[in-house]
Amino acid sequence: MFKSFKKLLTAVIAGAFFSFQAQAQSILRDAETEAFFRQVSYPVFEAAGLTPQSVHIYLLNERSINAFVTGGQNIFFHSGLILAADDVDEFMGVLAHETCHISCGHRIRRGEAAGQAGTFSILSLVLGAAAIALGGGDAGIGILSAGQTVAQRQFLAYTRGEEAEADLAGARYLDQVGVSASGMIRFFDKLRDQEILAQVRQDPYVRSHPLNRTRILNLQEDTADAVHINSPPDEFVNERFKRLQAKLAGYLMEPRQTLRKYPLGDRSIAARYARVYAYHKALDWDLAIAEADALIAAEPNNPYFYEIKGQILFENGRVEESVPVLRQAVELAPREPLIATALAQSLVSFEDTDRMREAVPILETATRQDRGNTFAWFNLAKAYSWLEMQPEASLATAERFYSGGAASQALVHARRAMDGFDTGTPQWLRAQDIMIAAEDAARRQSRRGGRRRLQTSFSVESNSNE
Ligand SMILES: [Zn+2]
């Protein structure tokens, strides 16, 4: 069993991206990208009167251009939208517009049947995908397809009045945080070219956001005397955005395509970043390491460059060498659970008692900070198990399935954990919580005729108590 997991892990972690992948849609998780999202979005959320920490941004691996809000305060971006933006302000424009859909209290209109279930399904897309990555299998796929159905329903979901409000409020938020709304206008205007295409060829964002001339004109008129309307994108923020785009392009595109877009003559950080991924994907390990080294030489204090190098070494089987590199990454970014997990994964793979002992506290911290991190739970269970801490291993495994939305497996392991701990201890209580939630989910599942997507409501609860 362990062997197959290892294979699976190699398949899903490529470079620094943790891809919770299924057939059609997957969630991409990357420490640098998530840190960037938090940094640029928090001021916008605050301007909109929201509590920044309670809004979550997810990156979906989808070529098409789209962004949408669902499940309360969750904003989803397709990777295609990130890649289609010419600069960070275009991305910020969409972010600000979507933010108003949350803060302005817009309700997605859809058939009553969807109701609450819809809310659950899209969140389950996140969690269900994670379940797949770690062997949840079948359950995850069911959850995923439900999520897609909900995503489909987002089309034409808001009224025109709400769309107009989102444009204008979004533009105001941007001005408040010193970003020009011209990026928003440019991006929408660019998409307007698609209006003449047949519906099937349009990007989903165009279908859900009819971009008529009036809409653009209203925005232009309304923002004409905004304080920051003529400000260029912040250079530093834009450079970081370019790096993320390069990273994403390198990760998603065919290596040959990436090398065309970021040719060898281009020695910018972004281009090198893209090439690290292209070479990595093409299994040109030495070239990938050479580009990663060039990045480190350019910015010796950038944790993400050590992270990518360490991951490449690890995946290339150079596990021993990966440890000091990943250690350096963690030292430079001590509060990044995804980076910590990469280091711990390396340590755990040695199957050596001292290294297991070192990995445990790292993983305990990572799972505290990022409860949906199924990779961390998986490795933590493995380390506990090696150290013959069986009840702890069972509880970590229960957490892994719980956060992955697989109720029945979570139930089995939670029961096992309860048997192992003394009654009333914190661990025993936690195991009991998981057991109750899992039983509840299983009951709902059978009540609704065993349709698979029902695992979802269970996983949502586990997600929301973070
Ligand atoms: Zn909208």
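The model is a predicted one, in which local features need pLDDT of at least 70 and side-chain atom pairs count only at pLDDT 80 or more, while totals for chains, interfaces and linings use all residues. Residues are numbered from 1 along each chain as its sequence is written. Leu283 lies in the loop between H13 and H14, and has a positive phi of about 65° although it is not a glycine. Helices here are DSSP runs of H or I with at least four residues, strands are runs of E with at least two, and both are numbered from the N terminus.

Glu388 is not a glycine, yet its phi is positive, at about 60°. With 9 other C-beta atoms within 10 Å, Glu388 is exposed.

The axes of helix H13 (residues 269-281) and helix H14 (residues 285-298) come within 8 Å and cross at roughly 155°; axes are lines fitted to C-alpha atoms, for helices over the stretch in contact, and angles run from 0 to 180 degrees between N-to-C directions. H13 and H14 are therefore roughly antiparallel to each other, a term for angles over 145 degrees, whereas those under 35 count as roughly parallel, 65 to 115 as roughly perpendicular and the rest as oblique. Residues of H13 that meet H14 include Ile269, Tyr273 and Val276, and among their counterparts in H14 are Leu287, Ala288 and Leu295. Two residues are in contact if their C-beta atoms, placed from the backbone, lie within 7 Å. The residues of this contact between H13 and H14 divide into ten nonpolar, one polar and three charged; Ala, Val, Leu, Ile, Met, Phe, Trp, Tyr, Cys and Pro count as nonpolar, Asp, Glu, Lys and Arg as charged, and the others, Gly among them, as polar.

Leu244 belongs to helix H11 and is buried, with 22 other C-beta atoms within 10 Å. Beyond its neighbours within four places in sequence, Leu244 is in contact with Glu32, Thr33 and Phe36.

Thr33, in turn, lies in helix H2 (residues 31-47). Thr33 is buried, with 24 other C-beta atoms within 10 Å. Apart from neighbours within four places in sequence, Thr33 is in contact with Leu59 and Leu244. The C-alpha atoms of Thr33 and Gln245 are separated by 9.5 Å, although the two are 212 residues apart along the chain. Gln245 is one of the buried residues of H11, which also include Phe241 and Leu248.

For the protein chain as a whole, the secondary structure comes to 23 helices and six strands. Buried residues make up 52% of its 466 residues. Of the contacts with a separation of 6 or more, 62% join residues 24 or more positions apart.

Key: Buried ≥ 20, exposed ≤ 12 C-beta atoms within 10 Å, placed from the backbone.
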